[in-house]
Amino acid sequence: MKLAVVCNLIFIVLALMGPSAQSKGDSVSLPFSQAAYRTGERLTYNVSYSNIISAAHVELQVGARSVFFGREGIQLRAHVETTGVVNAALFAINNDYVTYVDPATGLPFRSQQVVREATHTSETARALNDPAGATAIQSKLRNGESPGTFDFLSAIYHLRALPLAEGSTYYLSVRGETEDYQTEAKVIGRQTVKTNVGSFNTLVSQVRVTNNSKANGYRIRIFFSDDESHVPVLITARIGAGELRAELAGSEFLKPVAPVPVPTRPITPPIAGATPVVPPQPPADSGSNNLDLPFKVGEQLNYQVFLGNITSPAGNATFHVRSRARQFDRDAFLFTLRAQTTNAAQRLFFANDQISSYVDPKALLPFRSEMNLAEGTRRLNQVLTINQEYGAAASEKGERIEIPIGTHDYLSFFYLARTFNITPPRRNAVSILVNNKPKTLFMTSLKRETIQIGSQTIPAIQLSLTTDDPQPDKYLLRVWISDDRRRLPLRLTASTEIGQVRADLAIIPLTAQ
């Protein structure tokens with residue numbers, strides 16, 4: 001699958017439903033609500049695909065209402081970014097979209113996009129609905145057809161502004177990069193949808209694409225909140241053998257930012273029938289695509305482990321990026337962990353653990369995991385060979401473990417987590433092997449705060465670690481990661497059978513990050 005196609009699929013799932021529309025058999029304009037265009041609204045989505053529970057992140061925002069390109073307009077913005085395994089190993093996408101629409105109709109008059117792929121960045125911009133020459137003379141419209149062309153971003157908001165009456169069918173036209181999509185959206189019923197941010201009563205819309213059999217085969221459904229805002233709560237599509245789901249992860253209103261004046265350079269009149277093109281403008285809130293890892297070979301992080309209010313360490317742990325070299329006939333990072341209790345604490349609990357993980361440098365996925373654990377009376381010596389392509393792990397004794405593609409072990413997760421975007425209230429999720437069983441681990445960014453480690457006060461981000469077990473927060477796992485480019489895990493706390501446990505990073509680099 002081509003990279004550009006994948007990017008469009010992520011965006012099209014959120015966008016294919018939205019241009020100007022009329023109900024079948026209705027030749028007059030439909031009511032148009034301004035509730036979808038409230039300045040400052042920001043919606044965030046987590047996109048999952050098949051067994052990959054966090055494949056991409058999408059943000060939609062109503063940026064500002066002002067004068068753009070010499071006319072009043074509303075600025076709409078979107079950001080699409082692949083995450084985790086997909087970003088590291090499959091498709092590195094980090095794109096921005098900006099569209100300017102007419103406040104009265106939602107019709108776009110300018111759009112621009114910045115497409116960042118793994119090897120290059122491209123910027124394009126174009127004018128929309130600016131007829132000239134022969135294109136200014138509209139042909140007779142079919143019954144139920146509306147004039148005007150929408151891009152994907154303006155389409156999302158325009159549909160939200162329509163009545164979405166149950167049983168109604170809306171006829172739509174959306175312009176993609178190289179073709180127009182003629183779509184029909186039918187509101188087929190109501191359904192309660194549960195998401196990570198709450199339960200919603202929704203209107204269910206089924207999409208058909210009449211002029212593109214491939215797009216029609218995606219079987220797109222969008223679940224809009226059953227209120228005046230018509231927020232897209234959940235979007236589903238079938239792509240290949242898996243299901244793509246974009247689920248609402250957050251909704252907030254930001255203080256509007258004064259818009260940057262946009263130059264109003266005239267556009268050269270186009271040839272009749274051609275799409276006018278405007279000079280590219282600087283993207284709004286362009287993200288970075290820094291592929292540098294926050295750790296390097298040789299990094300060693302030493303932790304002291306404390307029990308309850310006891311000031312003397314009960315144990316210590318050392319995480320080490322030991323090497324990057326040819327290991328087991330493939331390029332790999334070697335991560336190691338050594339953890340043990342101190343002499344004073346061994347009367348209460350004895351532990352002496354050693355773990356090694358051989359990890360693909362691009363995807364940060366493990367392909368071999370070695371564990372030598374001694375914890376109380378428990379002993380475990382195990383080597384797992386992990387086949388990420390087939391979703392299986394095998395032990396030296398021949399035991400086979402079925403796992404989701406993209407599953408991590410303890411060590412690979414420790415380093416992968418440092419690459420995540422953890423800006424509050426972001427939520428990330430990964431599959432991780434725990435006692436030879438795959439579990440879903442959720443990392444939820446709670447808040448920014450400063451914490452005291454030794455004699456230093458350090459800016460950090462607090463996160464919760466929960467699972468998909470019946471008691472998801474049973475151990476009250478919390479971690480504080482430094483709020484800088486190195487993303488150092490500074491502190492971890494948990495509630496265990498032997499009491500409250502705290503692990504603090506023992507050596508903090510003093511240089512500015």
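I started with strand β13 (residues 300-307) and strand β14 (residues 315-327): they run antiparallel and are joined by six bridges. I count strands as paired if DSSP finds at least two bridges between them. Strands here are DSSP runs of E with at least two residues, helices are runs of H or I with at least four, and both are numbered from the N terminus. One bridge I looked up takes asparagine 302 to threonine 318 in β14.

A note on what I'm looking at: this is a predicted model, where local features need pLDDT of at least 70 and side-chain atom pairs count only at pLDDT 80 or more, while totals for chains, interfaces and linings use all residues. Residues are numbered from 1 along each chain as its sequence is written, and side-chain values use heavy atoms, with hydrogens and water left out.

Next I followed β14 to strand β15 (residues 330-341), and found twelve bridges in the antiparallel sense. Histidine 320 has threonine 336 in β15 as its bridge partner. The two strands make a hairpin with two residues between them, and phenylalanine 328 in the turn has a positive phi of about 50°.

**Nonpolar cores**

I then looked for nonpolar cores, meaning sets of buried Ala, Val, Leu, Ile, Met, Phe, Trp, Tyr and Cys residues joined through side-chain atoms within 4.5 Å. Buried is under 20% relative accessible area, exposed is over 50%, and partly exposed is in between (1.4 Å probe, protein chains only). The largest core has 44 residues, and Tyr37, Tyr45, Leu60, Leu76, Leu153 and Tyr157 touch the most other members. Helix α3 (residues 152-160) gives the most to this core, five residues. Apart from it I found another core of 40 residues, including Tyr303, Ala317, Phe335 and Met371.

**Salt bridges**

My search of the whole structure gave 24 salt bridges, each a side-chain nitrogen of Lys or Arg within 4 Å of a carboxyl oxygen of Asp or Glu. In one of them, arginine 190 and glutamate 166 have their closest N and O atoms 2.3 Å apart. Arginine 190 sits in strand β8 (residues 180-195) and glutamate 166 in the loop between α3 and β7 (169-175), so this pair ties together parts 24 residues apart in sequence. Glutamate 166 is partly exposed, at 45% relative accessible area.

I also checked arginine 491 and aspartate 504, whose side chains meet in a salt bridge (2.7 Å, N to O). Is this pair buried or exposed? Both residues are buried.
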